[in-house]
Amino acid sequence: MDAKDILGLPKSAFPGSQEKKSRPPKEPQRKPDGVSREVYALTGGVLPPLMPNLEPSHLKKRPTVGKEKITWQWLPFTSSARTDNLQLYHWVRVVNGVPPTGDYAFAKYNKSVDVLKYTDEEYEKHLTDNAWSKEETDQLFELCEKFDLRFIVIADRFPSDRTVEELKSRYYSVTRKLLIARAASPEDVANHPIVKEQFNAKHETERKRALSAVLSQTKLQERKDSEILAEAKRIMESRTPSKAADEVELQGHSEVGSGEKATGVGEDVSPVTASIDVPPVIPDTSSIPANLRMQKVYLRSNALDQMLQAVSTASGRTNIHIEQMIQDLSVNLKPKVPTKAVCAEHLELRKEILTLLNLQKQMQKLTEATGSRERPHSEAPATPKRSNRDVDRSFGSDASGFGGERTGKRDQKRKAPGRFGEPPPSPPQSKRPRKYKASD
């Protein structure tokens, strides 16, 4: 380390000889209007923010005070949401010494569920169940009324060991039977939610188990699923649409050709022989984990993706015709509720439409072939018309002998074969131009 480095001096011997960096010239600042030269020089050009000018007359006026006198007072209140008439206190905004009247402001948020109650006669007549006693049913309805159908809390307070699904099933089944028994006719309560949608405990248990299985996936399983989906997407993108269209078209031509050989051109075509077998779409379950596949759990988005992959294998023109026919039938191109059953029915509809299009195409081909086959028998070829020159020549030779001999000789010369059995010369229109040789 050098001494100059320690002292912070430049290493060059003559620092004064170095060229100084040219600084940009400062723009002259103009003195703002309304400021004297002395004040502007004392501040150095940095002026404080200017305040708006106020008229002195406004400063002498007293501020206007509102007519309302507002105070806050510690007053008691009661709430209609409580049944024990408990009296509490809170701070209240009082205007001009008049306290507010009416019910407590937050009492409107107290909502309760109307739980039906049954008699002993109704229980013996409609509500008996071997798995439930009357005491347990009474306790269940008391807890439902107390906790407003919060079945998690009810299951925690229930004396016997019952699951949430069992409690729900018992409550909704009893309520449904009571509504039907008390109605004048079944049509009066047909649109009631409890009567219209019957609770299914088995389906609820399966749904919760599937949901817990999906939510309990580890990060590794989620990463594997995403990699599998990305690989499947890459494979589908690598397949060119022209190749898939050629495969479908070749398959259609092979089926049509076999149908023509089997039935013949003029025979009737039955729908069984003309239909084209579309290979069944096998859903791809590789993206679903093994534990979910054993429980038959799937996601609706996965079913919709599989259906769209199966649809994309068709050619572009065929797909356009199929979509046009689906729209004519007032059917959505993408199902609103893409369950497995709905997607399967949608693919089955597309398969039937494809079969119909192939049948129409084959029928059109057979109609054209039949028409071209029957045309030679119905229409005879037209005979060529003789020109006026031939008519005049024949008329002149027959009418008089004048010039007939000369004309006959001329015709014989034209019709006679050439020397050495050469074919007659071609007409001038068909003669080719002569090719000259190098000697010419």
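**Figure 1. Buried residues make up 18% of the 440 residues in the protein chain.** The model shown is predicted. Its secondary structure comes to 18 helices and two strands. The accessible surface of the chain is about 36400 Å². Carbon and sulfur atoms hold 55% of that surface. Now take the contacts in the chain with a separation of 6 or more: residues 24 or more positions apart account for 55% of them.

**Figure 2. Helices H5 and H7 pack at an angle of about 90°.** Two packed helices are described by the angle between their axes and the distance between the axes. Here the axes of H5 and H7 are 11 Å apart. H7 covers residues 164-182, and H5 covers residues 134-147. An angle from 65 to 115 degrees counts as roughly perpendicular, so H5 and H7 are roughly perpendicular to each other. From H5, the contact is made by Thr 137, Leu 140, Phe 141 and Cys 144. From H7 come Leu 167, Arg 170, Tyr 171, Val 174 and Thr 175. Sorted by class, this contact of H5 with H7 has six nonpolar, two polar and one charged residues.

**Figure 3. Thr 137 sits in helix H5.** Its relative accessible area is 0%. Buried means under 20%, so Thr 137 is buried. Which residues does Thr 137 touch, leaving aside its neighbours within four places in sequence? Thr 137 is in contact with Tyr 118, Tyr 123, Trp 132 and Arg 170. Arg 170 belongs to H7 and takes part in the contact of H5 with H7.

**Figure 4. Phe 141 and Tyr 171 form a tilted aromatic pair.** A pair of aromatic rings is described by the distance of the centres and the angle of the planes. A search of the whole structure finds 13 aromatic pairs. For Phe 141 and Tyr 171, the distance is 5.3 Å centre to centre, with 45° between the planes. Phe 141 lies in helix H5 and Tyr 171 in helix H7, so the pair ties together parts that are 30 residues apart in sequence. Phe 141 is buried, and so is Tyr 171.

**Figure 5. Phe 151 and Tyr 172 form another tilted pair.** Their ring centres are 6.1 Å apart, with the planes at 45°. Phe 151 lies in helix H6 (residues 151-157), and Tyr 172 in helix H7. The pair therefore ties together parts that are 21 residues apart in sequence. Are Phe 151 and Tyr 172 buried or partly exposed? Phe 151 counts as buried, at 6% relative accessibility. Tyr 172 is partly exposed, with a relative accessible area of 25%.

**Figure 6. Seven residues form one aromatic cluster.** Phe 141, Tyr 171, Phe 151 and Tyr 172 are among its members. Tyr 118, Tyr 123 and Phe 199 also belong to the cluster. Tyr 118 and Tyr 123 are both in contact with Thr 137.

**Figure 7. Val 113 lies in a loop between strand S2 and helix H4.** S2 spans 88-95, and H4 spans 120-126. With a relative accessible area of 34%, Val 113 is partly exposed. Which residues are in contact with Val 113, leaving aside its neighbours within four places in sequence? They are Asp 148 and Leu 149. Val 113 and Lys 146 are 33 residues apart along the chain. Their C-alpha atoms are separated by 9.4 Å.

Key. Residues are numbered from 1 along each chain as its sequence is written. This is a predicted model: local features need pLDDT of at least 70, side-chain atom pairs count only at pLDDT 80 or more; totals for chains, interfaces and linings use all residues. Side-chain values use heavy atoms; hydrogens and water are left out. Helices (H or I, at least four residues) and strands (E, at least two) are DSSP runs, numbered from the N terminus. Buried means under 20% relative accessible area, exposed over 50%, partly exposed in between (1.4 Å probe, protein chains only). Contact means heavy atoms within 4.5 Å. Axes are lines fitted to C-alpha atoms, for helices over the stretch in contact, and angles run from 0 to 180 degrees between N-to-C directions. Angles under 35 degrees count as roughly parallel, over 145 as roughly antiparallel, 65 to 115 as roughly perpendicular and the rest as oblique. Ala, Val, Leu, Ile, Met, Phe, Trp, Tyr, Cys and Pro count as nonpolar, Asp, Glu, Lys and Arg as charged, and the others, Gly among them, as polar. Accessible areas come from the Shrake-Rupley method with a 1.4 Å probe; for residues, only the protein chains shown count as cover. Rings of Phe, Tyr and Trp (its six-membered ring) pair if their centres lie within 6.5 Å; planes under 30 degrees apart count as stacked, over 60 as edge-to-face and the rest as tilted.
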